[in-house]
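Subject: Two-chain model, handover and notes

Hello,

The structure is below, followed by my notes on it.

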Amino acid sequence: MIHLEENPQNVTEAELVVAFPTFDEAASIGRAVEIVGQGLQEAFPDRQAVIINCDNHSLDGTRDAFLQAATPVPRIYLSTEPSQRGKGANLRMLFQKVLDLKAEVVVVLEADISNLSPSWVRLFAEPIQKGAAYVTPFYMRHKYENTLTSCLVYPMSRCLYGRRVRQLDAGDCAFRGDLAATFLDAPAWGDAVEATGIDVWMGTVALVSRVPVWQTFIGMPKEHRMKDPFAQLSVRFRQAVTTLFDLMGAYEDFWRRVKWSKPTALFNLDGQEVESPPIVEVNTSRLHQRFHEGFQEFEGLWREVFDPMVFNKLDEIRSMSFEQFTFPTHTWATLLFDAAAAYRRMGEDGEARSALVDSLLPLYLGKVVSYVKRTERMSIQQAEEHVEGMCAVFEESKPYLLEKWPH
Amino acid sequence: MAKILVVDDEEHIRLLYSEELREAGYEVITADSGYKLLERIEEEKPDLVILDIKMVDYDGLDLLQDIRGRFYDLPVILATAYDTFKEDAKSIAADYYVVKSFDLTELKKKIAMALETHLPE
């Protein structure tokens, strides 16, 4: 719901929209708007464009920084109610506005990308002009950046929905304007989606809608104002997993019929210079400790939720020393499938569902330890092949999910 | 019977694949280069393509991009003597890849998976 709209240039129609969902981004938004304005003028000088800031009623001056940025491209500022937070809430306002403007191409970028360049506007928008309906970026990532994507979101979404979209939850995307109506009508909108679960949700809705989904090769890493990859992890983990599980309930008829997976079209592969991503360090002994702490807190729940055979496997993993530690992907996949089925059986019991999702975090951290140990001597490319191998195991294990899923 | 197009500039590979895959129950057609490959696909409508990456006159990864541009969901399996090609992001557009070998067990497994792949309409 749009609580506040400022449209100083009185824009009523636009072919191309670039949107920044924000909360307290006064320090970044002005620069981001100027870069995007330059990108629009360079790549789409004849297109009617508008830059939209969908904001969570920031009080740090985001609105002023946005409207005062030096670019000739018209702007619209939208805000949620003061009490409302979350990127999903921001983008829901955008979907409505995109339909009002009858926009053809919509690009969504995070405002705090420190290496954002004007060329990104073309890299996201052009695939839509060439036939894509939804575009996700393919950033150059270090092997330990976004392990939540590598170890969970990518293998799960790929085995469920059958398309290999490597960075479905990257945070930035582009979509065809008419897809905004699909997003407004799509199921499984909840608190998790209203926050950071929105990225997984939009990607999944696009995949299930069977519109052309492409990846655009950015050729460089996406750098934010420095973030610790494990800061806020519990919140991001909960929102991503809750969204995945809610969507499994909503799209059961679809994913049950998916067998194996297909590649996804890639844009911008010619003559691309590739930049190396910065190194990400992971404190595996701390994560290993948190994996073990999980047993103290959640063992009772795990015994209820996981198949006894699967729990025995988990118990074996627990007994391994740090030096020998390995968490087989088949066990990881079946744990997640058991948990998804249990989540489904819990129906509308939100408290039980939240407790279940939160209990999976130590297991995920255990899987990350195993992934890091397995790939520590590997190049980024070799680690990518390892991730592809994990995805293949998820796909091979899918009959287990079909057997366990409640009818 | 599924129809497989084998694109490879080495005659002994074309012969090996043809013989073994026919024995496995597939219809096999071959091409010795990437010349007019898209037209050939249009004409013959194969269910799957096995594509050599390094041919004398053609780069298989470029051909793969061309195939994806026109036949978005046609399964393509890359075949190569070396696995260094995976460093090129273009290889992501393949359904699967295999390292060339006289033992076609892995290739047959990938062919079966690619042909079985199902996404709801």
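Between chain B and chain A there are 11 residue pairs in polar contact, both residues at pLDDT 80 or more; a polar contact is a pair of N or O atoms within 3.5 Å, where within protein one must be able to donate a hydrogen and the other to accept it, and residues adjacent in sequence count only if both atoms are side-chain atoms. On the side of chain B that touches chain A, the elements giving two or more residues are helix 3 (60-70), strand 5 (96-99) and helix 4 (105-116). Helices (H or I, at least four residues) and strands (E, at least two) are DSSP runs, numbered from the N terminus. Helix 4 of chain B gives the largest share, three residues. By type, that side of chain B has 12 nonpolar, three polar and nine charged residues (nonpolar: Ala, Val, Leu, Ile, Met, Phe, Trp, Tyr, Cys and Pro; charged: Asp, Glu, Lys and Arg; polar: the others, Gly among them).

This is a predicted model: local features need pLDDT of at least 70, side-chain atom pairs count only at pLDDT 80 or more, and totals for chains, interfaces and linings use all residues. Residues are numbered from 1 along each chain as its sequence is written, chains are lettered from A and ligands numbered from 1 in the order in which they are written, and side-chain values use heavy atoms, with hydrogens and water left out.

The rule also finds three salt bridges across this interface (a side-chain nitrogen of Lys or Arg within 4 Å of a carboxyl oxygen of Asp or Glu). Asp95(B) forms a salt bridge with Lys262(A), with the closest N and O atoms 2.9 Å apart.

In total, 24 residues of chain B are in contact with 25 residues of chain A, contact meaning heavy atoms within 4.5 Å. The two chains bury about 2,200 Å² between them, 55% of it on carbon and sulfur atoms; buried area is the accessible area (1.4 Å probe) that two parts lose on being put together, summed over both. In chain B, Tyr72(B), Leu119(B) and Pro120(B) lose the most area to chain A, together 28% of what that side buries.

Within chain A, Arg166(A) is in the loop between helix 5 (147-161) and strand 7 (173-176). Arg166(A) counts as buried because its relative accessibility is 6% (buried is under 20% relative accessible area, exposed over 50%, partly exposed in between; 1.4 Å probe, protein chains only). Its side chain makes polar contacts with those of Ser150(A) at 3.0 Å and Glu384(A) at 2.9 Å.

Regards
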